[in-house]
Amino acid sequence: MLYTFELLSNYLDKHRFPIIDGQTGFRVIRTSFNEAYQEGKIEFREDGIYLIHEDREWRGYMFMPTYRIEKYDSFPRIHLLRCDVIDKFLNKGIFSQYYDWSNSNTNDIIDRDTNEEYTSQTLNVCSRCKKQLFEDIDDSQDFFELLDKSDQHETQIEVDIFGYARDWPRISKAYRKDRKYTCEECGVKVEQGFDQRFLHVHHIHEKENNNYNNLKCLCILCHKYQDSVHEENFSTAHSIKTISQFIEKYHVHLNQELLVQFKNEINQRI
């Protein structure tokens with residue numbers, strides 16, 4: 001299920017985030033292309049790539065939210081059509097590259113090697129897509145200006161396919177810092193910056209409520225065993241590998257019962 005959110009204020013209150021209310025009208029959307037495609041919410045047409053959401057069709061594009069920016073000295077390009085690049089990607093049947101779907105004029109990009117974030121970047125159009133286009137579109141700003149925003153309201157709205165506010169990474173980082181990068185269940189404290197990926201922020205109840213009293217800082221092991229849904233979500237090969245790396249480094253400080261439970265789960269897989 002998708003939720004809708006108002007754009008968050010640039011200022012985040014240290015102790016209380018605003019509750020986001022749903023709105024109607026034109027929406028700036030950025031969501032996981034891979035997830036939406038697998039759920040049958042993506043349609044490829046002659047004039048674009050559409051997301052089906054709330055009985056409406058939203059025209060947008062695909063792009064890589066993480067990219068080797070320094071290595072290639074460039075930002076990723078957006079794909080407006082099912083060009084040769086995307087066609088090969090889809091025909092493999094394996095999502096070897098991670099894409100987002102967006103209809104925004106700019107996007108935030110993270111360097112895959114350095115983890116540096118480049119905010120509000122205008123992205124150029126893929127050369128193969130550009131050759132197939134009927135419209136003269138050079139970049140994401142051109143694309144955005146051509147969208148039909150006749151029903152746009154005073155505020156634009158961003159949504160996330162998982163129900164999180166568009167600014168969730170910033171909220172999560174602020175909350176983890178406020179909790180001194182310490183798991184609120186097992187008490188493990190993450191000292192090194194790169195290891196902060198092992199700490200997550202968990203919504204105790206509804207995901208659209210970002211008040212501090214609805215959040216909890218958890219290590220990835222405690223997060224996995226919050227409930228059956230999280231246990232399943234953290235059972236992918238990538239998650240298992242990350243949890244194993246975390247345990248290898250911090251096993252002395254972790255919940256020993258959860259360690260046994262995790263090891264038993266691994267043994268059953270072998």
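A salt bridge is a side-chain nitrogen of Lys or Arg within 4 Å of a carboxyl oxygen of Asp or Glu. The views below show a predicted model, in which local features need pLDDT of at least 70 and side-chain atom pairs count only at pLDDT 80 or more, while totals for chains, interfaces and linings use all residues. Residues are numbered from 1 along each chain as its sequence is written, and side-chain values use heavy atoms, with hydrogens and water left out.

**View 1. The open sheet of five strands.** The strand order is β2-β7-β5-β4-β3, with antiparallel pairing. Strands are DSSP runs (E, at least two residues) and helices are DSSP runs (H or I, at least four), numbered from the N terminus; two strands pair if DSSP finds at least two bridges between them. At the edges lie β2 (30-32) and β3 (42-45), each of which pairs on one side only. From one strand to the next, the twist averages 40 degrees; axes are lines fitted to C-alpha atoms, and angles run from 0 to 180 degrees between N-to-C directions.

**View 2. The contact between β2 and β7.** Strand β7 (residues 100-102) runs antiparallel to β2, and three bridges join them. D100 in β7 is the bridge partner of S32. The side chain of D100 also meets that of R30 in a salt bridge (2.7 Å, N to O). Because D100 lies in β7 and R30 in β2, this pair ties together parts that are 70 residues apart in sequence. D100 counts as buried at 8% relative accessibility; buried means under 20% relative accessible area, exposed over 50%, and partly exposed in between (1.4 Å probe, protein chains only). R30 is likewise buried, with a relative accessible area of 12%.

**View 3. Strand β8 and its partners.** Strand β8 (residues 107-111) has a covered face of N107, I109 and D111, and an uncovered one of D108 and I110. Two bridges join β8 to strand β6 (residues 66-67), and these two strands run parallel; Y67 has D111 as its bridge partner in β8. Strand β9 (residues 117-121) runs antiparallel to β8, with three bridges between them, and N107 stands opposite Q121. The hairpin of β8 and β9 has five residues between its strands, and N115 in the turn has a positive phi of about 65 degrees.

**View 4. The salt bridge between D195 and K249.** The side chains of D195 and K249 meet at 2.7 Å, N to O. D195 lies in the loop between α6 (168-178) and β11 (199-203), and K249 in helix α9 (residues 237-250), 54 residues apart. D195 counts as buried at 4% relative accessibility, whereas K249 is partly exposed at 43%.
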